[in-house]
Amino acid sequence: MRKLALLVTVLLLTAAVVSTAGATARKAGDYTVDVTMDRNPPVMGKNTMDVVVKDKTGKAVTDARVTVEYSMPGMPGMPAMNYKSDAALKGETYRAVISPSMAGSWNVAVKVARGGKTDTARLTIDVK
Ligand SMILES: [Cu+2]
């Protein structure tokens with residue numbers, strides 16, 4: 001019984017990670033942040049991440065500063081890795097290029113700075 005519960009948990013976790021690889025909506029404070037990546041799954045090297053920020057009324061926000069931070073905790077033989085990429089606005093989309101340096105699970109924080117306040121949307125990507 002315990003084994004079965006563990007298996008179900010593992011499957012659910014796997015599904016959660018996979019679902020973040022395509023397009024996902026996340027909350028950052030009062031904002032809704034839609035994240036779309038050009039590659040599914042993301043790969044080592046360059047990937048494009050498009051971010052659309054919407055306010056409470058569903059209107060696209062185009063006067064924010066959007067930064068993408070991505071990191072992997074340290075593991076045996078590998079120090080912690082932290083990178084940062086500024087997103088550039090084009091139309092209503094903020095585009096950042098991220099370059100994960102190894103395969104595995106990366107933590108991504110999309111920071112939305114606007115009006116003297118910064119809100120963060122968090123997701124995990126599984127890099128192949
Ligand atoms: Cu690593």
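Author: Happy to chat about this one. Two strands pair if DSSP finds at least two bridges between them, and strands (E, at least two residues) are DSSP runs numbered from the N terminus. This is a predicted model: local features need pLDDT of at least 70, side-chain atom pairs count only at pLDDT 80 or more, and totals for chains, interfaces and linings use all residues. Residues are numbered from 1 along each chain as its sequence is written.

Reader: Nice! Which residue in E3 does Asp-34 stand opposite?

Author: Asp-34 faces Val-52 there. Strand E2 (residues 31–37) and E3 are antiparallel, with 6 bridges.

Reader: And how many bridges join E3 to E7?

Author: There are 5, again antiparallel, and E7 covers residues 93–98. Thr-48 has Val-97 as its bridge partner in E7.

Reader: Why does Ala-113 count as partly exposed?

Author: Because it has 13 C-beta neighbours inside 10 Å. Buried takes 20 or more other C-beta atoms within 10 Å, exposed 12 or fewer, and partly exposed is in between.

Reader: Last one: what pLDDT does the protein chain average?

Author: The average is 87, and 82% of the residues score at least 70; pLDDT is the predictor's confidence in each residue, from 0 to 100. Over residues 8–21 the pLDDT is below 50.

How values were computed: Helix = DSSP H or I, 4+ residues; strand = E, 2+ residues; numbered from the N terminus. Contact = placed C-beta atoms within 7 Å.
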